[in-house]
Amino acid sequence: MLRRFASFFLITSLFSHGVLADTSNDLEFSGFARVVGGYLSTDEAKYEGYDNSFSVSQKSLAAVQADYTFNDYFSMSGQLLWHSDESRQSGVEWLYLTYQPNASWQFNIGRLRTPLLKFSDVIDVGFAYPWLNAPQQLYSGYLFSQYEGANARYLGYYNEVTFSVELYWGNFDDEILSNGTSSDVEVDGMFGGVIETSYRGFQFRVATSFANDTAVELDELQPLIQGLRAAGFGDTADTLDINGASSSYLLGVGYDSLNWFVTAEIIKVESEIDVLAAIDSSYITFGYYFDEILLHATIASSRQSLNEIDNPIPIGFSPELDALYFAVEEVNSYFPTDDLDSLTLGARWDFRTNLAFKTEVSFLKGKEGKTSFFELDVNNTEFDRRATLYQLGIEWVF
Amino acid sequence: MSKLTLVLFIISFAFCAAAQSRERVIVVAHLTEQPTSISKSEIRNIFMGGVSEAKLSPVEIASGSQIRIIFNTRVIGLPESRIQSYWAQMKFSGRNQPPVSVSNTEEMVRYLTENEASIGYLPEGIALPEPLTILFTTN
């Protein structure tokens, strides 16, 4: 942990002393950092890594971005990111080449971030959005956050309406953490599109993402799958083989004014993988500015319809079959069932043009028998899936 | 502080605030073609990184200046903190870069004069060199 925080202080102190300040007209360095502390009101579960002891090691991070301009058309960008959370990988977050033939067209190729939700591609840049913790029902980590591939973006206008259209295609191969369990996920052929329009203060966004061939490696399941096949339950074994397509659809609306804003997003995720569920999630945020201070409130919700695995194994015939039966039951409770309602109240104070102090409290209300984004034993009936998360933090861009 | 001093202070503060709110901003460009009119929404679009028929490159005055606050309030229609977070999103998502920034009005006049097809904002009444044209005046 000390080593991880040493990296943070190295990055931020280099910027503080101007060591990584702009070195030439062609090469520019910039970056962002955040220190976030949080406390969860219960000791029965964890939420976003927080438990009932104050911690700054879940959401704190620092990043350096280098942009090199070759000429009027070509440039290259790279972003090195350091996370305090040991379960998230630190390293190269972005690395891409840009070709911009004119003001309307932009093409990128390399390692890029997936642009599905309004803040998906800047989820680590807390300065860019009002919350400390963007609504987890939509922004949780198991959507594919980055890809290696290419995108094309077009900016246009018609009278007072401006619009952008983006198409992307690529592959994803990374470790994903969900409810404290990590798994290797490989997606061959991920593609999607985003259309954003704005008229005066109004914004409208639709986005889709399709993952043709998603393969999830869960080593813990392999002995069970082999046991089921050996015992003649091939159909049940097939449902545990996580391989198939998934699709996401997003609709977002918003209005920004001098004194207040409202923004809302709704996402629907569908999957043909038996044990992964369909998810419907949404949030609405209202914010009001009092000079440099923003007060905001967010209501968010998610509903997951889980396809339970049929358990055709007869019980009471032999100890081996009994063991298989209980193993399948165990697996049924292994996959996340993230039904969660939340209310978040927060404040943001921009006390410098590049520094913001934030504080927020989230009232979480999950469902009994479900994981509800908590890290817990799903059979724990003592915990009523209600908790309060308190957070404060500082956001910095440089 | 006597009551009279306090009353005078409040009155003078109120007059200052009223005077400040009456201050107007002109949007000025170094045009290469014949002057054309430009709407407030088009100016907003240019300064928020969008494309427009005018094909002008925006120049802003650094944060903290009164003229910038008036421009943001009356033309962009967003508070300073929202504009800063918007540009953080554009920059770190690789979508766009914020406008060129100058430190004061003198530098703005110099930059606009030296760079064709640039557009910026200045306080009304300022002396303008020949290549600069007023395209818009705020209320």
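**Buried, paired and packed**

Reader: Why is A:Glu48 called buried?
Author: A:Glu48 has 20 other C-beta atoms within 10 Å. A residue is buried if 20 or more other C-beta atoms lie within 10 Å of its own, exposed if 12 or fewer, and partly exposed in between, with C-beta atoms placed from the backbone. A:Glu48 therefore counts as buried. A:Glu48 is found in the loop between β2 (46–47) and β3 (61–69) of chain A, and its phi is near 55°, a positive value in a residue other than glycine.

Reader: What kind of model is this, and how are residues and chains labelled?
Author: This is a predicted model, in which local features need pLDDT of at least 70, side-chain atom pairs count only at pLDDT 80 or more, and totals for chains, interfaces and linings use all residues. Residues are numbered from 1 along each chain as its sequence is written, while chains are lettered from A and ligands numbered from 1 in the order in which they are written.

Reader: What makes A:Asp291 count as exposed?
Author: A:Asp291 has 10 C-beta neighbours inside 10 Å, so it counts as exposed. A:Asp291 lies in the loop between β13 (278–290) and β14 (293–305) of chain A. Its phi is near 55°, again positive in a residue other than glycine.

Reader: And why is B:Leu31 called partly exposed?
Author: B:Leu31 is given that class because it has 18 C-beta neighbours inside 10 Å. B:Leu31 lies in the loop between β1 and α2 of chain B. The C-alpha atoms of B:Leu31 and B:Pro98, 67 residues apart along the chain, are separated by 21 Å. Of the 139 residues of chain B, 29% count as buried.

Reader: How do you know which strands pair with β1(A)?
Author: Two strands pair if DSSP finds at least two bridges between them. Helices (H or I, at least four residues) and strands (E, at least two) are themselves DSSP runs, numbered from the N terminus. β1(A) is joined to β3(A) by 8 bridges and to β18 (residues 386–397) of chain A by 9 bridges. Both pairings are antiparallel. A:Arg34 has A:Leu61 in β3(A) as a bridge partner, and A:Arg34 also stands opposite A:Glu395 in β18(A).

Reader: What makes β3 and β5 the edge strands of the sheet in chain B?
Author: In that open sheet, 5 strands follow the order β3-β2-β4-β1-β5 with mixed pairing. β3 (100–102) and β5 (132–137) of chain B each pair on one side only, and they are the edge strands. β2 (residues 57–61) of chain B and β3(B) pair in the parallel sense over 3 bridges, with B:Val59 opposite B:Val100. Helix α2 (residues 40–47) of chain B packs on the sheet, touching β1 (25–30), β2, β4 (118–123) and β5 of chain B.

Reader: What is meant by a nonpolar core, and which residues have the most contacts inside the largest one?
Author: A nonpolar core is a set of buried Ala, Val, Leu, Ile, Met, Phe, Trp, Tyr and Cys residues joined through C-beta atoms within 7 Å. The largest has 34 residues, and those with the most contacts inside it are A:Phe32, A:Ala63, A:Val125, A:Phe127 and A:Ala128. β3(A) gives the most to this core, with 4 residues. Two residues are in contact if their C-beta atoms, placed from the backbone, lie within 7 Å. Leaving aside neighbours within four places in sequence, A:Phe127 is in contact with residues including A:Phe32, A:Trp396, B:Ser85 and B:Ala88.

Reader: How many residues does each chain bring to the contact between A and B?
Author: Chain A brings 31 residues and chain B brings 20 residues. β7(A) gives the most to the side of chain A that touches chain B, with 3 residues.

Terms used. Axes fitted to C-alpha atoms, helices over the stretch in contact; angles between N-to-C directions.
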